[in-house]
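Here is a short briefing to read with the model open beside you.

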Amino acid sequence: MLEGAQPLKRRLGRHEVDGPGALAYLQWLCANDVDVASGRLVYTAMLDERGRFFSDCTVLRLAEDRFRVITGAGFTGNDMGWIQAHVLPADPAVSVADVTDDVKKKFEEMKSADLSKEAEPADPADSTVGYVN
């Protein structure tokens with residue numbers, strides 16, 4: 001890994017947006033179409049009320065009404081504030097949570113997992129590369 005890359009990697013923000021109104025909310029907030037299949041990523045810009053650029057992010061669709069918004073290093077707090085500020089308080093159809101630390105904990109757990117062939121033999125028939133099984 002390049003020197004200095006590790007601290008940047010750790011500062012990426014991860015924000016969960018979910019609820020029945022999550023898709024409509026992100027479609028309004030983002031420049032690109034985030035209505036993609038579960039498991040797909042969309043690189044997009046977040047825009048202000050006048051359509052001006054605020055910040056860029058990557059949106060991962062986790063389920064029909066659940067998304068993870070990944071924001072850049074150094075802007076996590078600003079982006080989270082922006083996302084939260086634009087959810088109407090009277091709209092219970094959308095909830096926003098900062099899950100940055102939760103994701104970090106899961107990666108730490110994975111680091112100590114035994115992924116050797118002896119511990120978990122892999123079956124190539126169960127593998128998928130891109131769109132090919």
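The side chains of Glu16 and Arg68 meet in a salt bridge, with N and O 2.8 Å apart; a salt bridge here is a side-chain nitrogen of Lys or Arg within 4 Å of a carboxyl oxygen of Asp or Glu. This pair links distant parts of the chain, since Glu16 is in strand β1 and Arg68 is in strand β4, 52 residues apart. The model is predicted, so local features need pLDDT of at least 70 and side-chain atom pairs count only at pLDDT 80 or more, while totals for chains, interfaces and linings use all residues. Residues are numbered from 1 along each chain as its sequence is written, and side-chain values use heavy atoms, with hydrogens and water left out.

**Salt bridges**

- By the rule above, the count comes to four salt bridges.
- Glu16 also forms a salt bridge with Arg66, where the closest N and O atoms are 2.5 Å apart.
- Glu16 lies in strand β1 (residues 13-18) and Arg66 in strand β4, so this pair ties together parts that are 50 residues apart in sequence.
- Which of these side chains are buried? Both Glu16 and Arg68 are, where buried means under 20% relative accessible area, exposed means over 50%, and partly exposed is in between (1.4 Å probe, protein chains only).
- Glu16 has a relative accessibility of 9%, whereas Arg66 is partly exposed at 33%.
- Another salt bridge joins Asp48 and Arg52, with the closest N and O atoms 2.7 Å apart.
- Asp48 counts as buried at 14% relative accessibility, while Arg52 is partly exposed with a relative accessible area of 45%.
- Through shared partners, salt bridges join Glu16, Arg66 and Arg68 into one network.

**The sheet**

- Five strands make an open sheet in the order β2-β3-β4-β1-β5, with antiparallel pairing; strands are DSSP runs (E, at least two residues), as helices are (H or I, at least four), and both are numbered from the N terminus.
- The edge strands are β2 and β5 (95-98), each of which pairs on one side only; two strands pair if DSSP finds at least two bridges between them.
- On average, neighbouring strands of the sheet are turned by 30 degrees against each other, direction ignored; the axes are lines fitted to C-alpha atoms, for helices over the stretch in contact, and angles run from 0 to 180 degrees between N-to-C directions.

**Hairpins**

- β2 (residues 41-47) and β3 (residues 53-63) pair in the antiparallel sense over seven bridges.
- Within that pairing, Ala45 has Asp56 in β3 as its bridge partner.
- The hairpin of β2 and β3 has five residues between the strands, and Gly51 there takes a positive phi near 80 degrees.
- β3 also pairs with β4 (residues 66-71), again in the antiparallel sense, over six bridges.
- The hairpin of β3 and β4 has two residues between the strands.
- Look for Leu60, which stands opposite Arg68 in β4.

**Helix α3**

- In α3 (residues 76-85), the buried residues include Thr76, Asp79, Met80, Trp82 and Ile83.
- These residues cover an arc of only 160 degrees around the axis, which puts them on the same side of α3; the arc is that of the directions from the helix axis to the C-beta atoms.
- Gly77, Asn78 and Ala85 are exposed on the other side of α3.

**Aromatic pairs**

- The count comes to two aromatic pairs, where rings of Phe, Tyr and Trp (its six-membered ring) pair if their centres lie within 6.5 Å; planes under 30 degrees apart count as stacked, over 60 as edge-to-face and the rest as tilted.
- The rings of Phe54 and Trp82 have centres 4.0 Å apart and planes at 10 degrees, so this pair is stacked.
- Phe54 lies in strand β3 and Trp82 in helix α3, so the pair ties together parts that are 28 residues apart in sequence.
- Phe54 is partly exposed at 31% relative accessible area, whereas Trp82 counts as buried at 15%.

**Around Arg14**

- Arg14 has its place in strand β1 and is buried, with a relative accessible area of 11%.
- The side chain of Arg14 reaches the backbone oxygen of Leu12 at 2.9 Å.
- The C-alpha atoms of Arg14 and Val99 are separated by 5.5 Å, although these residues are 85 apart along the chain.

How values were computed: Polar contact = N/O pair within 3.5 Å; in protein donor to acceptor, adjacent residues only side chain to side chain.
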